[in-house]
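Take a look at the structure below. We will walk through it one piece at a time.

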Amino acid sequence: MSRAKDYYQRVYEVVRQIPHGRVSTYGAIARYLGIKSGARMVGYALNNVAETNIPAHRVVNRNGELTGRAYFPDDTMRERLKQENITFLDEYKVDIDRHFWNPLEEMD
């Protein structure tokens, strides 16, 4: 398995742990995986998983913005988060302070 595929699998494992009603950030996931400046790599890993069992809709940028929404059909990312009772501060910005899930604190 290539290093990129291995890294992507590690990203998917973390994202699968994000609980219903919570969100994490690209940077928080990268830090958990030991790659402090790897937020963009986390984004690349999640680019094509919108229609899978990986809850990529629960990953937002550090400001709570739905920067990954372009990879979801229509407004699916926002709608899925609303169905999980995620609070929005703006049309495409979640209340990150209220709903943030930090893998460094929540995972072993």
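Just past helix α4, Asn85 has a positive phi, about 65 degrees. Keep in mind that this is a predicted model.

Now step back into the helix itself. α4 runs over residues 76-83, and Thr76 belongs to it. Is Thr76 buried or exposed? Its relative accessible area is 19%. Buried means under 20%, so Thr76 counts as buried. The side chain of Thr76 also has a polar partner. One of its polar atoms lies 2.3 Å from the backbone oxygen of Pro73.

The buried residues of α4 are Thr76, Met77, Arg78 and Leu81. What do they pack against? Their partners are three strands: β2 (59-60), β3 (88-90) and β4 (93-94).

Next, turn to helix α3, residues 39-46. Here the buried residues are Val42, Gly43, Ala45 and Leu46. Where do they sit around the helix? They span an arc of only 160 degrees around the axis, so they lie on the same side of α3. An α-helix has 3.6 residues a turn, so residues three or four places apart point the same way.

Two elements give two or more residues each to the lining: α2 (26-32) and α3 (39-46). Which one gives the largest share? The answer is α3, with three residues.

What kinds of residue line the pocket? Nine are nonpolar, seven are polar and one is charged.

The other contributing helix, α2, deserves a stop too. Ala28 has its place there. Its relative accessibility is 1%, so Ala28 counts as buried. Which residues does Ala28 touch, leaving out those up to four places away in sequence? They are Phe100 and Pro103. Now compare Ala28 with Gly38. The two are ten residues apart in sequence. In space, their C-alpha atoms are 9.4 Å apart.

Note on methods. Residues are numbered from 1 along each chain as its sequence is written. This is a predicted model: local features need pLDDT of at least 70, side-chain atom pairs count only at pLDDT 80 or more; totals for chains, interfaces and linings use all residues. Side-chain values use heavy atoms; hydrogens and water are left out. Helices (H or I, at least four residues) and strands (E, at least two) are DSSP runs, numbered from the N terminus. Ala, Val, Leu, Ile, Met, Phe, Trp, Tyr, Cys and Pro count as nonpolar, Asp, Glu, Lys and Arg as charged, and the others, Gly among them, as polar. Buried means under 20% relative accessible area, exposed over 50%, partly exposed in between (1.4 Å probe, protein chains only). The arc is that of the directions from the helix axis to the C-beta atoms. A polar contact is a pair of N or O atoms within 3.5 Å; within protein, one must be able to donate a hydrogen and the other to accept it, and residues adjacent in sequence count only if both atoms are side-chain atoms. Contact means heavy atoms within 4.5 Å.
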